[in-house]
Amino acid sequence: TEYPNEVGAMARSIEVLQTGARQIESQRWVKSNVAEISTRLQQATDFPELAQALLSQVSPLLNVGQGLFYVLDEAEKQLRLKGSYGFRERKTLSQSYALGESLVGQCGLEKTPITLTNPPEDYIKIGSGLGEAVPKSIAVLPVLHGGDLLGVVELAAFKTFGEREHSLLDSLMPVVAMSLEILQRNLETQSLLKETQEQAQRMEVQA
């Protein structure tokens, strides 16, 4: 490509075409995976099922060894753990964080992503049946809908997130937020319906 002749010009043109082809392929990869994950999220009937659908789909795509999904409890102002991926014992995990507490709470408080690259070896280790390894990258992502915080997703990966991985997460988080918002409304509606039915039964008994 450095040749100042026709061969160099042709090489530079091919390089431009190759770059464009890689970008198109990356966009196709992102769109197809977002569409597939979106379909899975829409089938969830509660928070743990939604968390499992997201983490189980995203983790293989991004070489994630461990993942966590927290949902905001508006009344208590707490981020509560609803799902995990890749952990041997869930009972050892913190079940909730206040806003501003730890990376999860800080991400929720600031409503901005937090990314750690090459964290210290004693910070966290990803375990499997074959052994343990220190993650290369940790991403803590807010789930936002209309500027309002709904939850936080934390992912620990075996390799540093590249441009394609970040593009997938950027495109996916609004979809997660929409699915979470719809699920919350459905659960609230079901709860209200149940309360109405119970109240009607009590009135009938009293009558």
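Glu154 is buried, with a relative accessible area of 17%. Buried means under 20% relative accessible area, exposed over 50%, and partly exposed in between, using a 1.4 Å probe and protein chains only. Glu154 sits in strand S8, residues 148-157. Helices (H or I, at least four residues) and strands (E, at least two) are DSSP runs, numbered from the N terminus. Leaving aside neighbours within four places in sequence, Glu154 is in contact with Gln66, Gly67, Leu68, Val104, Ile138, Ala139 and Val140. Contact means heavy atoms within 4.5 Å.

This is a predicted model: local features need pLDDT of at least 70, side-chain atom pairs count only at pLDDT 80 or more, and totals for chains, interfaces and linings use all residues. Residues are numbered from 1 along each chain as its sequence is written, and side-chain values use heavy atoms, with hydrogens and water left out.

**Strand residues**

Tyr70 belongs to strand S1, residues 64-73. Its relative accessibility is 1%, so Tyr70 counts as buried. Not counting residues up to four places away in sequence, Tyr70 touches Leu79, Arg80, Leu81, Ser94, Gln95, Tyr97, Val104, Gly151 and Val152. The side chain of Tyr70 also reaches the backbone oxygen of Ser94 at 3.4 Å. A polar contact is a pair of N or O atoms within 3.5 Å; within protein, one must be able to donate a hydrogen and the other to accept it, and residues adjacent in sequence count only if both atoms are side-chain atoms. Tyr70 and Ser179 are 109 residues apart along the chain, and their C-alpha atoms are separated by 14 Å.

Arg80 lies in strand S2. Arg80 is partly exposed, at 28% relative accessible area. Its contacts, not counting residues up to four places away in sequence, are Phe69, Tyr70, Val71, Asp73, Gln95 and Ser96. Arg80 and Gly151 are 71 residues apart in sequence, yet 8.5 Å apart in space, C-alpha to C-alpha.

**Helix packing**

Helix H1 (residues 6-42) packs against helix H4 (residues 163-206) at an angle of about 25°, with the axes 9 Å apart. Axes are lines fitted to C-alpha atoms, for helices over the stretch in contact, and angles run from 0 to 180 degrees between N-to-C directions. H1 and H4 are therefore roughly parallel to each other. Angles under 35 degrees count as roughly parallel, over 145 as roughly antiparallel, 65 to 115 as roughly perpendicular and the rest as oblique. The crossing of H1 and H4 is right-handed. A crossing is right-handed if the near helix is turned clockwise from the far one by less than a right angle, and left-handed if anticlockwise.

On the H1 side, the residues are Ser26, Trp29, Val30, Asn33, Val34, Ile37, Ser38 and Leu41. They meet Arg164, Ser167, Leu168, Ser171, Leu172, Val175, Val176 and Ser179 in H4. The contact of H1 with H4 divides into nine nonpolar, six polar and one charged residue. Ala, Val, Leu, Ile, Met, Phe, Trp, Tyr, Cys and Pro count as nonpolar, Asp, Glu, Lys and Arg as charged, and the others, Gly among them, as polar.

The axes of H1 and H2 come within 9 Å and cross at roughly 155°. That makes H1 roughly antiparallel to H2. This crossing of H1 and H2 is right-handed. H1 contributes Trp29, Asn33, Glu36, Ile37, Arg40 and Leu41. H2 supplies Leu50, Ala53, Leu54, Ser56, Gln57, Val58 and Leu61. The residues of the contact of H1 with H2 divide into eight nonpolar, three polar and two charged.

**Glu165 in H4**

Glu165 is placed in helix H4. At 8% relative accessibility, Glu165 counts as buried. A polar atom of the Glu165 side chain lies 2.9 Å from the backbone nitrogen of Gly162. Beyond neighbours within four places in sequence, Glu165 is in contact with Leu62 and Lys159.

Most residues other than glycine have a negative phi. Asn63 has a positive phi of about 55° although it is not a glycine. Lys77 likewise has a positive phi of about 55° and is not a glycine.
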